[in-house]
Amino acid sequence: MQEGSKPPIIEFRGVTKVYGTGHAAVHALAGVDLAIAEGEFVAIMGPSGSGKSTAMNLIGCLDKPSAGDYLFKGVSLGQLSRDQRTMLRRHFLGFVFQGFNLLPRTTAVENVELPLIYRGLPQAERRAMAMTALRRVGLEGREHHTSAELSGGQQQRVAIARAIVTDPVVLLADEPTGNLDTKTSREIMELVSSLNREQGITVIMVTHENDIAAYAGRIVRFVDGKVESDAPDREAA
Amino acid sequence: MLFEAVKLALQAIQRNALRSFLTVLGIVIGVGAVIAMVTIGRGTTAKVSADLAQLGSNLLFVRPGQFGPGRASTDAKPFNTRDVEAIRSQVPGLRAVAPVAQKSFTVIYGAENRQTAVNGTDNDYFVTQDWTLTGGRQFLDGEIRSGRAVCVLGETVRDKLFGRGDPVGRNIRVKNVSCEVIGLLRPKGQSSTGADLDDVVLMPLRVYHRRLAGNTDIGSINVSARDDVDTAKVQADIERLLRERRNMLAGQIDDFSVRDMKQLAETTMATTQMLTALLGAVAAVSLLVGGIGIMNIMLVSVTERTREIGIRLAIGALESQVLAQFLVEAVVLSLFGGLAGILLGLGLAWLATGGLRVPFVLDTPIILIAFGFSALVGVVFGYFPARRVAHLDPIEALRHE
């Protein structure tokens, strides 16, 4: 899209990730260069073992690279400490997982409030923000249902509300429709695209389904720990 | 932040009600058992020591025959009134010497009757047993000498025969002897062995011998030494005197025994205290088992909650915040369980001491120790497994099923 005109929000410079040591060492990422600009909607694809999940974990600051540099908003994260990476997640990133990962026996609104608790916001403010986020994902009237009382699609909506309630710069979605049927998947993807379009949230999504990847404006394919192709998606809406 | 952590912890406890209940149960049972056992033990000790105090001070108990394994006491010659006189006149340092001849008879008043122990004795008995009257009077010298049929009733006998009435001045029948009630004994309650001390009738020894027993045997002699006298010396003096009077050869084993009730009291106290310690030890085991229960549940629960920890870490919880939450959870559960255990233990002890008719004695150190131990176990086993998990990579924790 507007590559080059804006400084990339996320930039990998020769990022390498090695698991294990010696002969057992596995190069999950082997020198990846990647730049993602603010406001982009990027789908990361590739067969299993290609390094796409590792790349996602690194982008999400859940892990640190073995070598190379990761720049966030132009700032090198270098070897940030565990707590520093947590703070980065807390303030800039939102996560949506394949398995929803909501707290069991906990109501939708309480789940959405969770990241705000760690930001130290007072109860009343948290509740109001959580309600707004739930409205945004179309879950009015379901605020006080627990996960067990919600369908898969509704649970994923709660998870998305939880990810956006902090107003993150980047939304990271790891196979967000992996556990959902086609119709529900389409609804969830419409929601994610609208967040990207209307609120300008940068979305980075891992998927292995072409029709899901088609919602993105750009598709990055990983093979054997390297970027195989990186192209704007012609069929994107 | 602390308030927030407490609120998070309470939420988590409420959401996992069953698991929280099981954790608390271990603490409640452990703490409750220790407190109940020790409190009951303390009460029993207090009761025994009170009973022993009621036996009379510096009491020596003289009986024919020996006690103990392989020693028959039945064929030993009983004492007689001359033995009692000899002890009175020849052993120094005595306050009172009471002969006691005892047998069970039916006592009758009107339509009521009761089988009870009838003691033939004299006024020294009130001294040796440290027993006062709540009504009437002791025996008169004339009654003792002449053998007039008068009697003093224990509370149980009075209650059985007279109900609410005042028996002093009435005549009851003991076997077939009509007997005027002249006094009432102060109630003593149960002995440490559970016998009813108030189920007794006292009569002058002479009338007992003549009209009831038909012999002049004296079954036992209760001797009360003066406070400034060494009871061991009194015991030795009585032993020497009785050996002489019973014509015993040197080297022959005594065919009577003199028992110092103070020694007996000390032995009994030691036994009761050992029992209390034993109860405490059994209870300590249950506390330990409770502790292991807490440990298991905490370990299982942390493993089960690995994903939850992963979620919290991924969405921006610091390791320290997750730890604080688990620590507060453990503290809240332990405190709650400990308090419930204290209430349960004291409640059980209260019921049991009521049932056993022993005093309710609060043992604060034990309460604190039991509570402290359970709290420690709860916190340690709540905290350390959580620390391990909180240190995991969020990715690892999230992958955990």
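**Note on a predicted two-chain model**

1. Across the interface of chain B and chain A, two salt bridges are found by the rule. The model under discussion is a predicted one. A:Glu110 takes part in a salt bridge with B:Arg15, and the closest N and O atoms of this pair are 3.1 Å apart. Polar contacts also cross the interface of chain B and chain A: 14 residue pairs are found, with both residues at pLDDT 80 or more.

2. The side of chain B that touches chain A draws at least two residues from each of helix 1 (2-15), helix 10 (306-314), helix 11 (319-356) and helix 13 (394-399) of chain B. Helix 10 of chain B supplies the largest share of that side, namely six residues.

3. The extent of the interface may be described in residues and in area. In chain B, 26 residues are in contact with 26 residues of chain A. The size of an interface is often expressed as the accessible area lost when the parts come together. For chain B and chain A the area buried between them is about 2,400 Å², and 53% of it is on carbon and sulfur atoms.

4. The domain assignment divides chain B into domain 1 (2-51 + 267-399) and domain 2 (77-254). Between domain 1 of chain B and domain 2 of chain B, the C-alpha centres lie 55 Å apart.

5. The largest nonpolar core holds 51 residues, of which A:Ile10, A:Phe12, A:Val170 and A:Ile204 touch the most other members. Leaving out residues up to four places away in sequence, A:Ile204 touches A:Ile10, A:Ile36, A:Val42, A:Ile44, A:Met56, A:Ile59, A:Val170, A:Leu171, A:Leu172 and A:Ala173. Another core, of 42 residues, lies apart from it; B:Ile87, B:Ile172, B:Tyr208 and B:Leu212 are among its members.

6. Over all chains, the structure holds 29 salt bridges. Side chains of opposite charge can pair when their charged atoms come close. One of these salt bridges joins the side chains of A:Arg218 and A:Glu40, at 3.0 Å from N to O. A:Arg218 belongs to strand 9 (residues 218-223) of chain A, whereas A:Glu40 is in the loop between strand 2 (26-37) and strand 3 (41-45) of chain A, so this pair ties together parts 178 residues apart in sequence. Both A:Arg218 and A:Glu40 are buried.

7. A:Arg218 also forms a salt bridge with A:Asp230, where the closest N and O atoms are 2.8 Å apart. This pair links distant parts of the chain, with A:Asp230 in strand 10 (residues 226-232) of chain A and A:Arg218 in strand 9 of chain A, 12 residues apart. A:Asp230 counts as partly exposed because its relative accessibility is 39%. A:Arg218 has a relative accessible area of 4% and is therefore buried.

8. In chain B, B:Asp237 and B:Arg240 form a salt bridge, the closest N and O atoms being 3.5 Å apart. The two residues are three places apart in helix 8 of chain B, so about one helical turn separates B:Asp237 from B:Arg240. B:Asp237 is buried because its relative accessible area is 12%; B:Arg240, at 54% relative accessibility, counts as exposed. Elsewhere, B:Glu85, B:Arg88, B:Asp122 and B:Asp124 are joined into one network by salt bridges that share partners.

9. Helix 8 (residues 231-245) of chain B also contains B:Arg243. The side chain of B:Arg243 is in polar contact with the side chain of B:Asp254, at 2.3 Å. From C-alpha to C-alpha, B:Arg243 and B:Asp254 are 7.0 Å apart in space, while 11 residues apart in sequence. With neighbours within four places in sequence set aside, B:Arg243 is in contact with B:Met248, B:Leu249, B:Ala250, B:Gly251, B:Gln252, B:Ile253, B:Asp254 and B:Phe256.

10. B:Ser220 is part of strand 9 (residues 220-225) of chain B. Its relative accessibility is 10%, so B:Ser220 counts as buried, the cut-off being under 20%. Not counting residues up to four places away in sequence, B:Ser220 touches B:Val62, B:Arg63, B:Phe79, B:Ala98, B:Pro99 and B:Val100.

Terms used: Residues numbered from 1 in each chain as written. Chains lettered and ligands numbered in written order. Predicted model: local features only at pLDDT ≥ 70, side-chain atom pairs only at ≥ 80, totals over all residues. Heavy atoms only, no water. Core = buried A, V, L, I, M, F, W, Y, C linked by side-chain atoms within 4.5 Å. Buried < 20%, exposed > 50% of the residue type's maximum accessible area, 1.4 Å probe, protein only. Contact = heavy atoms within 4.5 Å. Domains from an automatic or database assignment. Buried area = accessible area lost by both parts, 1.4 Å probe. Salt bridge = Lys/Arg side-chain N within 4 Å of Asp/Glu carboxyl O. Polar contact = N/O pair within 3.5 Å; in protein donor to acceptor, adjacent residues only side chain to side chain. Helix = DSSP H or I, 4+ residues; strand = E, 2+ residues; numbered from the N terminus.
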